Structure formats: C-alpha cells, structure tokens
Amino acid sequence: MSYDVAIIGSGPGGYVAAIRCAQLGLKTAIIEKYNTLGGTCLNVGCIPSKALLDSSEHYHNAIHNFEEHGIDTSGVAVNFEQMISRKNKVVSQTCDGVKFLMDKNMIDVFTGVGTFLDKNTIEIKGAKKEKITTKNTIIATGSKPNYFPGMEPDKKRIITSTEALSLKEIPKHLIVIGGGVIGLELGSVYARLGAEVTVVEFADSIIASMDRSCGKELTKILKKEGFKFQLKHAVEKVTTDGKTVKVFAKNKKQESVTFEGDYCLVAVGRKPYTDGLGLEKAGIKMDDRGRIEVNENLQTNVAGVYAIGDVVKGAMLAHKAEEEGVFVAELLAGQKPHINHHLIPGVVYTWPEVAAVGFTEEDLKDKGIEYKAGQFSMRALGRSRASMDTSGFVKVLADKNTDEVLGVHMVCARAADLIMEAVTAMEYRASAEDIARICHPHPTYSEAFKEAALDATENRPLHS
Ligand code: FAD
Ligand code: NAD
C-alpha cells in the first residue's frame, strides 16, 4: 500500500493530524502499536485522570460540603471498584470515538509497531508483518513516564501514573515523588478518597514552573485537604518489601530523611518515546534530551519526515500536540498554517483548578519587561460565595507602558475553562483596559478576570 502521509502514533497529535490530512484530501494511514487508539491522553492520561478527579471530587464534596448546603449525606461511602470501572468506561467510549473518526474520514488504521526501513518505507509489526510506502511521515510517538536510577517502578507498590489510574485499593499513605502536575492531580484523587498523601519535591515550591503565586496559593489549599509537602527534598532511592515502600531523600541541609508508606507514585516528568522507530535507518536526528529534532515547520532533518507532540520540544500537552498535528497536515496540503506556541495554556486539574497563559511575573522580571499586576480574590465574588468556592485569585499582568496583557494566572473554580477568555484576548493582543470594558455576566467566576484587569489597568477594581 502506498500513502501521501503515514502517521506513527495515534495520540492527540497523531489522530488529529490524520483527520486533518484526510479532510485535505491526502491518502492517510495511521499506525498504533496498541489495540486502542488515542495514545497516552485517552488511555492513561488526560481522560482517565479527569474521570477519577471528577468522581473523587463528588465524594469529597459529599462528605465535606453537602451538609453546609443543607443536604444530609449520612452513609455516603466510596465504591472504589465502581469508580475505576466508570473511568474505564469513559476511556473505552472515548477511544472508540477515535476509531469512529478514523473510519468516517477513511483513514487506514494499522495495528503494530511502526519502524522505518528507510525514509519512505515503514514496516508494521503486529499480529502480522506489513509494509507500506509513503511520501510523507508524521512521527507522533509521544512520551512515557520518566524515573531516575534508584526509583525504578515495580508497577505494584512503586508506581507511575499509569498504575495509579487503575489501583485495586485506596492507598493508606501515598508518597508522591514530584510536586508537578501529575503528582498533584493524582495525589488529589487519593487524598479526597481518604489516603494520607505526602509530596516530596526537589524544588522550593510545587508547580514550580508556573507563576510562583499559584504554587503558594495551591499549597495553602491542598494543605487544608490534608496534603503534606516536603519541599527542597531530593529523592535518591525507593525500596519496597511488596507491602510497604520506603522513600529515601536528602533535605536542603544534605541530611538523610526517610518516608514510609504503602504506595509510592513516581511523578518526576515524562520522557520522549522513540523505541522501535528505527530512526537511524531513515537518518533522523535526536537532540541531547532524546527528543526528535525539528525546525520551525516541525520537519526533521530528513525532508518529508515531520514530528509533533510530546516527542519534540515544547510543553507536553495534548492540545499542543493537536495544534502541531493540524499545522503539519495543512503544511503538507500547501497551506500556510500558524501556531502561537507562546499562548498554549496550561491547566492543573486540582480543585480549585490552576490555569495560566503567557509570561509569569518571574519571566517578566528575568526579561526586564516593565509590567503592572492586577489581582482579584475569589472571596470577593458573589458567585464564589454561592458555590462555596472562595479560595484563589485571578492575576493579570500587563505591559506597564502599552497595557497589553502579557500573562494571566488563575487559581479558582473552573479556571480550566475561564483561561480561554485570556487566551483569546492575548491572541488578539488585547490590553487590560479592553478586558475591563467588556461586559461580563453576573454572577459568574469570569467577573474575577474583569476585576483583575481593572486592577491592572488603573487600580480600580469595583468589588474590592
Ligand atoms: P501520545 O498521546 O503519547 O501518543 C503516542 C502514541 O504513539 C501512543 O499510543 C503509542 O503507543 C504510539 N507509539 C509509540 N511508538 C510507536 C511505534 N513505533 N509504532 C506505533 N505506535 C507507536 N495533557 C493535557 O493537555 N491535559 C491533561 O489534562 C493531561 N493530563 C495528563 C494526565 C496524565 C496522567 C498523563 C500521563 C499525561 C497527561 N497529559 C495531559 C499529557 C498528554 O497526555 C500528552 O501531552 C499527550 O498525550 C501527547 O500526545 P502525543 O500525540 O504527542 O503522544
Ligand atoms: P512535572 O515536570 O510537572 O513535575 C515533576 C516534578 O518532579 C518537578 O517539580 C521536579 O522538581 C520534581 N522532581 C524531579 N526529580 C525529583 C527528585 N529526585 N526528588 C524530588 N522531586 C523531584 O512532571 P509530571 O508531573 O510527571 O508531568 C509530566 C508531564 O505530563 C508534564 O510535563 C505535563 O505537561 C504533562 N501532564 C499535564 C497535565 C495537565 O495538563 N493537566 C496533567 C498531567 C500531566
């Protein structure tokens, strides 16, 4: 068989690229080594984690907040098996949806490991061995959980996010290595279900790559939920006797500290995945961090071979992978597509959620850009009091001279959805005053964005 485009990997980068290629009239094949389509995101990432976050949040609200709302919930209990089974159903429905989209767009799906024989020939090793030829290839093979020597997961007690999404029991004491996105999201699931959760983090803050104010606020909130944080602790080794785990770390004074629990979640980042691709046979180069090297058009050093998503530089996010998939498809069809990598929003799905776009205050200071900061506390919003979601804030950073919005950072209820107003505004290079002059519906959480913009533009919030 011969194709205009072959895509290796069916995650959000690969399957979206395939749909756009097919829409543009290119004869398209997609190759996936697992039996289900959708990659990390649908199978063991975004979708299952959000399903468990939602379920655990319902339980948490029922036992902690419903009484205040006047709802008697005596006798509420967790049926963990059912919670995992609902999550599995959500995953399989979503993966089936991708299969439906492949069929609808007449994209040929090959199941097996795709390996380059040369730049235009790919072998697929699955239940049978097949070979296809292609004019162009998009590599979208994603990433896998990372770990360092001494913390190798046994996948039973020392686990990665993949196992944490399918445990058979709620841990009594979950020790999480890494206070990043995965550690806090999956830590939240189990903390809400009653586990003791200790996060051991090397940096001096959680979610350290986001605006520092967000990590500070989230630390306060999660501590109230029972999280324990051990910051400035570098984990060096983890051991297990099959029932318990011991996590050995060095604190900032270089003293040895040991934490004991029954499960240890290793959440120290993800690494690009290129095993079995046979990159050397096509002469494709990687960088010193194991990512496939690409230029500004996401083309590798080999003409006609492109790479997108987690396997290349940039944020390891599903929506970034999708944008890159569409970009390459449109480029192959002769169009002039556009991606603004600076405006890819980031979200942490704790409750309240954390969301951000653009520069942090630390970035602006480093770059020597003069800025104004406006902030509004959720406590002052009627909407927040009505729902009892009074924690957090919205912060708007604007250029001191031009008033252009340079960054927006939120810790608040529904921040994941609210951040899109900021992304839209920034894509069109709005000023803080532009946002302040837009009518926002009352009562909504979005009023906090308007108020923060008013504060940034002229220090004149209306409600604080
Ligand atoms: P992937 O989704 O990793 O897909 C790559 C696919 O390629 C896989 O199916 C793999 O089997 C296949 N493959 C690899 N090599 C071969 C080969 N040689 N032949 C055939 N097939 C191959 N991101 C967000 O934006 N929002 C979230 O809420 C979010 N939550 C997450 C939660 C967790 C627990 C995790 C682990 C990740 C989360 N992410 C989230 C990150 C997100 O999942 C990734 O950024 C995204 O999946 C990357 O997409 P991709 O297409 O590049 O690769
Ligand atoms: P991360 O990079 O967000 O956090 C890893 C943390 O581990 C860092 O804070 C780091 O300082 C710490 N760390 C590293 N080595 C350590 C050690 N030896 N001891 C103690 N701490 C150590 O990585 P992650 O949480 O594993 O997530 C991986 C990727 O998955 C992220 O890049 C993210 O983009 C993606 N993801 C996104 C979402 C989302 O968008 N909501 C959710 C989950 C995952």
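Visitor: By class, how many nonpolar, polar and charged residues does the shell around ligand 1 have?

Guide: The shell around ligand 1 has 17 nonpolar, 17 polar and five charged residues. In this classification Ala, Val, Leu, Ile, Met, Phe, Trp, Tyr, Cys and Pro are nonpolar, Asp, Glu, Lys and Arg are charged, and the others, Gly among them, are polar. The model is predicted: local features need pLDDT of at least 70, side-chain atom pairs count only at pLDDT 80 or more, and totals for chains, interfaces and linings use all residues. Residues are numbered from 1 along each chain as its sequence is written, chains are lettered from A and ligands numbered from 1 in the order in which they are written, and side-chain values use heavy atoms, with hydrogens and water left out.

A residue counts as near a molecule if one of its heavy atoms lies within 4 Å of it. There are 39 residues around ligand 1, of which Glu32, Thr40, Lys50, Gly114 and Ala318 come nearest. Several elements of the chain supply at least two residues each to this shell, including α1 (12–23), β2 (28–32), α3 (46–64) and β4 (113–118). Helix α2 gives the most, with four residues. Here helices (H or I, at least four residues) and strands (E, at least two) are DSSP runs, numbered from the N terminus.

Now consider polar contacts, that is, pairs of N or O atoms within 3.5 Å; within protein, one must be able to donate a hydrogen and the other to accept it, and residues adjacent in sequence count only if both atoms are side-chain atoms. The side chain of Thr40 places an N or O atom 2.6 Å from an oxygen atom of ligand 1. A polar backbone atom of Cys41 lies 3.3 Å from an oxygen atom of the ligand, and a polar side-chain atom of Lys50 is 2.7 Å from an oxygen atom of ligand 1. The protein covers 95% of the 1,000 Å² of accessible area that ligand 1 has on its own. Accessible areas come from the Shrake-Rupley method with a 1.4 Å probe; for residues, only the protein chains shown count as cover.

An oxygen atom of ligand 2 is 2.9 Å from a polar backbone atom of Ile182, and a polar side-chain atom of Glu201 lies 2.6 Å from an oxygen atom of the ligand. A nitrogen atom of ligand 2 is 2.8 Å from a polar backbone atom of Val347. The protein covers 77% of the 850 Å² of accessible area that ligand 2 has on its own.

Side chains of opposite charge can pair when their charged atoms come close. Lys99 and Asp103 form one such pair, at 2.9 Å from N to O. These two residues are about one helical turn apart because they are four residues apart in helix α5 (residues 80–104). Lys99 is partly exposed, at 38% relative accessible area, and Asp103 is also partly exposed, at 43%; buried means under 20%, exposed over 50%, and partly exposed in between (1.4 Å probe, protein chains only).

Another bridge joins Asp403 and Lys372, at 2.7 Å from N to O. This pair links distant parts of the chain, 31 residues apart: Asp403 is in the loop between β21 (393–399) and β22 (405–412), and Lys372 is in strand β20 (residues 371–377). Asp403 is buried, with a relative accessible area of 10%.

The backbone deserves a final look. Most residues other than glycine have a negative phi, and most peptide bonds are trans. Leu298, however, has a positive phi near 65°; Leu298 sits in the loop between α9 (279–282) and β17 (305–307) and is buried, at 6% relative accessibility. A cis peptide bond joins Trp351 and Pro352, with omega about 0°, and Pro352 is in the loop between β18 (346–348) and β19 (353–358).

Terms used:
A salt bridge is a side-chain nitrogen of Lys or Arg within 4 Å of a carboxyl oxygen of Asp or Glu.
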